[in-house]
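Welcome, and please open the structure in your viewer. We will take a short tour of its pockets, selecting a few residues at each stop.

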Amino acid sequence: MTPWLTVVGIGEDGYAGLGKAARHALLAAELVVGSERQLALLPHCIRATRLEWPKPFSLAAVLEKRGTPVCVLASGDPMFFGVGASLARELAPDELRILPAPSSVSLAAARLGWPLQSTPVVSLVARPLAALQAQVYPGVRLLVLSNDGDSPAAIAELLRERGFGSSRLSVFEHLGGEHERRIDGLADGWSLARAADLNLVAIDCIAGDEAKRLPLTPGLPDDAYRHDGQLTKRDVRAITLSRLAPSPGELLWDVGAGCGSIGIEWLRAHPSCRAIAIEADEGRQAHIAHNRDALGVPGLQLVAGRAPEVLDGLAAPDAIFIGGGVTVPGVLERCWQALKPGGRLVANAVTLQSEAALIAFRGEHGGELTRIEVAQAKPLGGFDTWRGALPITLLDVSKPR
C-alpha cells in the first residue's frame, strides 16, 4: 500500500535541492503543510492547498486528512528533532513515508570537519538555555540548534559565566542556501548582538582556570548546590543514587526534595530520565528552581506541597527517594502504593524515630538496610582527627513485579 502521508525534508536550497521522489510526492499531494518559510520555497507548479502549522502546534489538521495524499515539509532530516518523529508516534509504519534531506547538523559538521558520531548535539528549539549547562565540559565540541537569533549571544554569555570564555564559537546562518554565512569568534568578547533566526552554533569548549567543572559521576560537590543545610551530602548522595539505579526513560519521585540534589543527579544520568521534586518549603523550592537550571536539568518538575496529600494524581514512578518525612503518617505507604511493579524505593533516616519507621517498613516489605558513616580529617590543635557526620540509615527495597 502506498503511504498517504509523505514527510519531505527540505533545505535552504528549496525545491531545487529535492530528489525525484520528493518532487513527485509534492506534485501528487492534495495538501501541503509546513511553516510559512518552508511553503514559500515551493514553486507555483505545486497546485496543492498550502496550510501553515497552527499556533499552538498541532497535528490535527494532518491526521484529519488520513487516506488522502498529503505532504508535510520539514527542515532537513524530519526524524532529527523534527516533525517526522511526532507523526511516527501517531501513525502506523505503512501510512508514512519519510524523505530526508541533509540536516543542518550534517552540513555544519561537514563545514567544520567534525565527526558527527563523537559530537553531541543539543537542541534549544523551544527549550530552556539552561539545558546547555549539562553538556559543557573541557575539550568537548558541541553543535547547538538555536531557538532564534538571540541564542548565539546568550550561549556566549553562559559560557563566560561558567568560566569557558576562551571557547571558540562558529555561528552558521542559512546552512545550505544562497545566503549561508559563518561567523567565528570567542565567547569572551562575542560581539554579534543578533544572528539570523535560522542558525546553528558550533562550540569548541575551552575551560579557563576559574571554570566550574562538574563530574559525570553521581556525587557532585556540595558547593555546586544552593541550599539551607537541607542537602544530602556528597558521599551519601553518591551511594543513594547507586541504589536508585537510574535507567533511560525512567521517572523518579524525590519526596522531601530539600534543594533537589537527588532529582538533579538522577536527571544528569541520562537525557531521557525524568524526575519530580516534591517540596513543601517555599525557600527550598526556590533553591530547587535555581539548582536545576545551574546544573543543566531544567526539565526537573517541581511540585509544591506536602506528602502524602500532594502525591495524588502524579505519574506513577519507576523509583522513589524519600529524603525527609518518613515519619509522617502515610508517606511510606502512599509511596509504596504508587511505585510501579519492579520499581525501587530508597529512603534515608537520621533520627531514631525515622530509623524505626524504616525498620518497621522493612519488616513488612523486605529490602536491605545499610548504615552509612562518613568521617573527614579535621584539625585538632596541631594535629588532625576524624570528625564524623551523623550516621545515615538507608533502606533499599524493590517492589515485586
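Begin by colouring two stretches: domain 1 (5–102) and domain 2 (105–205) each give at least three residues to the lining of the largest pocket. Keep in mind as you look around that this is a predicted model.

**First stop: the largest pocket**

Select Arg37, Gln38, Ser75, Val125 and Leu198, the closest to the pocket's centre among the 42 residues that line it. The space here comes to about 1,500 Å³.

Next, show the elements around you. Two or more lining residues come from each of α2 (36–39), β4 (70–75), α4 (83–90), α5 (104–112) and β10 (199–204). Which element supplies the largest share of this lining? Highlight α4, which contributes 4 residues.

**Second stop: the second largest pocket**

Move on to the second largest pocket, with about 840 Å³ of space. To centre your view, select Leu231, Thr232, Lys233, Val350 and Ile392; of the 38 residues lining this pocket, these are the closest to its centre.

Then bring up α7 (234–244) and α8 (261–268), along with the strands β15 (344–349), β17 (375–380) and β18 (383–388). Each of these elements supplies at least two residues of the second pocket's lining.

Notes. Residues numbered from 1 in each chain as written. Predicted model: local features only at pLDDT ≥ 70, side-chain atom pairs only at ≥ 80, totals over all residues. Heavy atoms only, no water. 1 Å grid on protein atoms, 1.4 Å probe; cavity = no way out; pocket = protein on both sides within 12 Å on 5 of 7 lines; lining within 4 Å. Points joined across faces, edges and corners; volume = space filled by probe spheres on them. Domains from an automatic or database assignment.
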